[in-house]
Amino acid sequence: MLKNIPLTIITLALLLPFTIFSQSGPGGVGSNQGTSDLIIWYRPDNGLSTSGTLIDTWTNSAGLPAFDISETGTRRPTLNTAAVNGYGEVSFGGSQRLRTGLTLTTSNFVINQASSFIVAKADNTSQTSSVYTTDPLVGSTRFSNHIPWNGTVYYDIGTCCSQTARIQVGGLTGLLNYSIWSYDAHPSTGKQLYRNENLLQSRPGTSTYNSHSSQRFNLGAATSGTGGFRGDVTELVVFKQKVNAAQRIIIDNYLSAKFNQALTANDFYQQDNAANGNFDHDVAGIGQASDGSSHTDSQGTGIVRINTPSTLSNGDYLFWGEETKDPTYNFSTETTNYREQLNSKWRVSKVGDLGTVSVSFDISAIDLTGKQSCQPLQLVVSNDSNFTSPTTYDLTVSGTSASASNVAFSDGDYFTLRYLDQIVWDGSAYFNGSGALNAPDTSDSCLKLTVKAGSLALLNADAFVREVEVEAGATFEVVDGLLLEVENGVNNNGTIQFSGEAQLIQNHTGTSLNTGSGILKMTQEGTTNLYNYNFWSSPVNRSGDWQVSYLETASGAVGFTTGYDANPSATPIELSSYWLYTFNDLLDNYAGWQQITPTTGLIPGIGYTMKGSGSGAPSGESYWFNGTANDGDITIPALAGNQILVGNPYPSAIGATQFINDNNPITDGSLYFYEHFETNSSHVLADYQGGYATYNLLTSVEAPTPAAGGTSSKGAPKNSVAVGQGFFVKIANSGNIQFTNSQREFARESLSESTFYRSAQATTTDSRIKYKLQFKDASDNTMTIALGYDQNASPAYDRGYDSERFNTLSNQIYWTIPDKELCIQGLNSFDVSEEIPLGINISNTGDYTFKISETLNFPANESIYLKDNQSNMFYDITTTPMTLYLTDTMDQARFSIVYQASETLSNTDFNQNDIAVYYNISNDHLVLDGIEDLQAIKSLKIYNILGQAIQSFDSVTTQEVSMSVLSSGIYIAEIIETSGVKTTLKFVK
């Protein structure tokens with residue numbers, strides 16, 4: 001984008017130079033805004049309106065519409081297009097003319113001085129006619145030019161017809177060819193006539209012109225009849241004040257270059273001939289004449305303005321002209337340094353030494369939208385037209401003005417505009433990058449990366465670029481473990497390879513910006529165990545979807561067998577198509593698994609299962625995903641009550657937390673990852689060794705671990721979901737599951753930053769209090785549940801902070817809240833007095849072990865107790881495992897977790913007994929186990945979670961009190977004895 005400049009600076013830099021002081025008249029002399037002495041400027045390249053070849057009007061380019069000239073009927077002159085150096089000419093045949101409708105007055109026309117310039121030629125030397133004149137003549141005063149008048153050239157301002165007062169030069173030759181005629185008049189210096197900058201005559205005499213009441217300005221004819229001018233005119237300029245010598249020289253050099261007419265004197269601009277490149281257009285100049293007069297600020301008809309020479313002496317001039325007539329500006333890539341260069345350039349002629357100058361460009365005619373970004377627009381100056389080794393000047397952009405100061409020119413220099421837009425691999429080397437050997441790095445986010453055909457282009461460092469284009473035949477490889485971050489799209493018509501754990505992140509919003517017919521290749525390691533599933537999702541697509549048959553190994557595209565086992569001895573390997581499935585159906589509906597074929601089209605974001613290759617590769621089977629990188633917004637329709645196997649659709653990791661937040665409230669806020677343990681050796685479902693790990697916004701828990709071969713567990717999921725990883729989500733409300741680029745992040749499995757479910761990973765840390773409770777059953781199978789505290793959680797069910805158990809095990813524990821069994825529970829804030837119900841299912845009688853396997857930010861002086869509600873025993877399991885003998889008939893609500901021991905929680909009146917107060921979920925009773933003297937109980941009250949009393953018992957006559965009147969919820973039972981000692985119990989119905 002253009003540089004940010006304060007508004008006040010923009011106002012001064014843009015408005016003042018270009019609308020007030022900029023010299024935008026012929027050659028850069030005078031203003032075309034109607035604010036200078038320039039009153040008439042008829043140009044063949046501006047303002048001509050025609051009917052066919054007949055001229056209807058000629059707009060005054062001096063910016064004074066009152067001097068627009070026109071004609072109707074048969075007296076209209078003819079336009080000959082491209083007649084003089086590509087410019088048009090206006091042809092008069094003796095009866096044609098163009099006139100103003102303006103009455104000339106002292107306020108709008110010349111008075112006693114003027115300068116005029118005309119480029120004209122005659123058809124014959126015997127005619128007696130005016131090229132221009134005031135019309136009609138009044139008395140004996142007029143402003144007129146005659147070429148020729150019976151072989152003589154006349155120029156009058158003031159008293160008519162006096163040969164001693166007017167310019168009158170006879171005996172001239174070449175009048176049938178174009179000449180540049182310059183006329184000056186001033187009371188103190190008289191009148192001068194120049195032809196092609198050669199002074200023909202200087203004559204003293206009156207120049208006062210003061211009779212205007214009925215006159216108009218007339219070009220090409222007398223007032224009536226056929227006595228008008230017979231010949232051609234290209235350009236006419238009139239100033240109502242005499243220009244100085246330096247300005248006259250500049251204007252004549254401008255006209256000389258424009259109409260290819262040589263000057264016989266003061267021909268200072270030398271770049272307008274074929275040998276120097278014909279830089280004929282929009283010529284302007286600054287300088288100082290031998291009489292000390294000067295002109296130091298010019299823009300002219302082009303977009304270049306030069307001013308403020310640092311040193312200026314008599315005879316010093318600087319001219320510049322453009323190679324292109326009527327340019328339509330755009331930028332293209334030059335192939336020397338791969339910069340974006342304007343499609344037109346300028347060349348200078350320098351006489352003497354003006355020192356340095358300021359150069360500005362009016363860039364309003366140059367479309368830089370979406371092109372020149374954070375790199376500066378530059379002025380480049382060179383002594384060769386290819387700009388091989390230029391001097392560069394960063395331009396300051398304010399509004400539509402781009403300027404640089406202290407610019408030095410030498411005679412014959414070329415200059416143009418350029419900017420850096422891309423880093424290029426030209427087939428053998430990098431250009432323009434900020435990294436080693438000019439390759440891109442992370443500081444090049446505003447530049448495009450272009451890869452051309454040739455040798456392999458390697459990216460050996462992390463890089464951040466605006467966009468990527470890989471041309472046909474080119475190959476670009478991102479080295480293992482590196483990140484290529486792209487702000488927008490990838491246009492790939494060659495081959496892009498992401499080796500190992502290299503990843504691609506794209507940052508734009510909306511739909512995919514990736515285009516091209518090329519192939520992007522990305523690897524992922526899958527299990528080699530014949531009996532084990534990988535849960536996949538493709539990071540690429542082909543024509544919008546993905547087929548498993550597109551998978552490749554180093555040996556080529558994989559084959560498929562319909563048998564249960566893959567065939568690793570085939571070349572390439574053959575995978576089993578029998579185990580290819582997707583899932584999108586009701587919760588826990590095993591029949592919802594949908595078998596697919598290798599050629600089934602899967603939209604991005606859909607997960608699928610595929611069993612291992614059997615190859616025995618020690619690091620896993622390496623698969624290539626080849627296609628177009630998935631990018632942008634990806635949606636998957638979802639129905640409430642279903643669970644869907646989805647997956648990371650991108651060639652980078654994604655953040656699980658961001659995914660959960662983006663899909664609230666569509667999903668239940670939990671992600672479930674299946675892990676098939678390496679000890680698994682059966683295709684029989686009942687014999688599978690594996691389970692689901694769970695992740696939510698609070699924490700994560702690993703999959704249950706089998707008694708044998710426990711080393712296969714990958715641990716709890718991290719926030720980053722690896723490339724190609726599939727996972728389950730439960731749908732709470734119908735809608736669309738959303739994957740977006742904002743979820744993408746760079747995380748590598750080798751550094752334990754993400755997990756594709758085949759390797760271990762490290763522990764994620766944050767500032768919240770969390771812990772994990774591990775449970776080992778009588779057969780040494782292990783499972784883990786977790787609890788934590790977050791200000792967004794509550795005792796009720798909270799999507800994203802509470803996760804329902806996804807595993808169905810013979811023996812398991814879980815957190816209980818109304819209608820839910822949780823493997824992760826979130827609560828609002830830590831309270832040392834709280835009691836947290838723990839559910840337990842036991843199918844096999846035996847020894848069971850409880851252990852806090854991990855804590856995070858847990859208060860150093862606090863403990864975590866397993867409370868046995870049946871025996872009223874408290875076991876500190878913070879650091880020491882506790883093994884209990886449990887039977888298959890035990891109460892599911894027997895245990896809870898507390899943070900204080902029995903002396904704080906129990907009633908001392910009951911110490912002589914083995915007392916336990918607990919809620920029996922099976923019969924909906926509150927059990928006062930071991931209390932023999934119920935008369936010691938003064939009252940029993942039941943409160944809801946808000947502290948409101950729901951039920952009250954003034955006397956208790958039985959050890960089991962029915963809670964059937966209570967609806968589902970969280971409650972607190974309060975027992976007060978006659979001595980005033982109080983016992984409380986939190987329970988969930």
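This is a predicted model: local features need pLDDT of at least 70, side-chain atom pairs count only at pLDDT 80 or more; totals for chains, interfaces and linings use all residues.
Let's begin with the strands. Three of them form an open sheet, and their order is E36-E39-E42. The pairing in this sheet is parallel. Which strands sit at the edges? They are strand E36 (463-465) and strand E42 (503-506), and each of these pairs on one side only. From one strand to the next, the twist averages 15°.

Now take a look at one pair of neighbours. E36 pairs with strand E39 (residues 483-486) in the parallel sense, over three bridges. Within this pair you can find Val465, which stands opposite Val486 in E39.

**The disulfide**

How many disulfides does the structure hold? There is one. The disulfide joins Cys374 to Cys446, with an S to S distance of 1.8 Å. The torsion about the S-S bond of Cys374 and Cys446 is about -65°, so this disulfide is left-handed.

To place the two partners, follow the chain: Cys374 lies in the loop between strand E26 (357-362) and strand E27 (378-382), while Cys446 lies in the loop between strand E33 (430-431) and strand E34 (448-451). Because of this, the pair ties together parts that are 72 residues apart in sequence.

| Residue | Relative accessibility | Class |
|---|---|---|
| Cys374 | 43% | partly exposed |
| Cys446 | 9% | buried |

Buried means under 20% relative accessible area, so Cys446 counts as buried at 9%. Its disulfide partner Cys374, at 43%, counts as partly exposed.

Key: Residues are numbered from 1 along each chain as its sequence is written. Side-chain values use heavy atoms; hydrogens and water are left out. Two strands pair if DSSP finds at least two bridges between them. Helices (H or I, at least four residues) and strands (E, at least two) are DSSP runs, numbered from the N terminus. Axes are lines fitted to C-alpha atoms, for helices over the stretch in contact, and angles run from 0 to 180 degrees between N-to-C directions. A disulfide is a pair of cysteine sulfur atoms within 2.5 Å. Buried means under 20% relative accessible area, exposed over 50%, partly exposed in between (1.4 Å probe, protein chains only).
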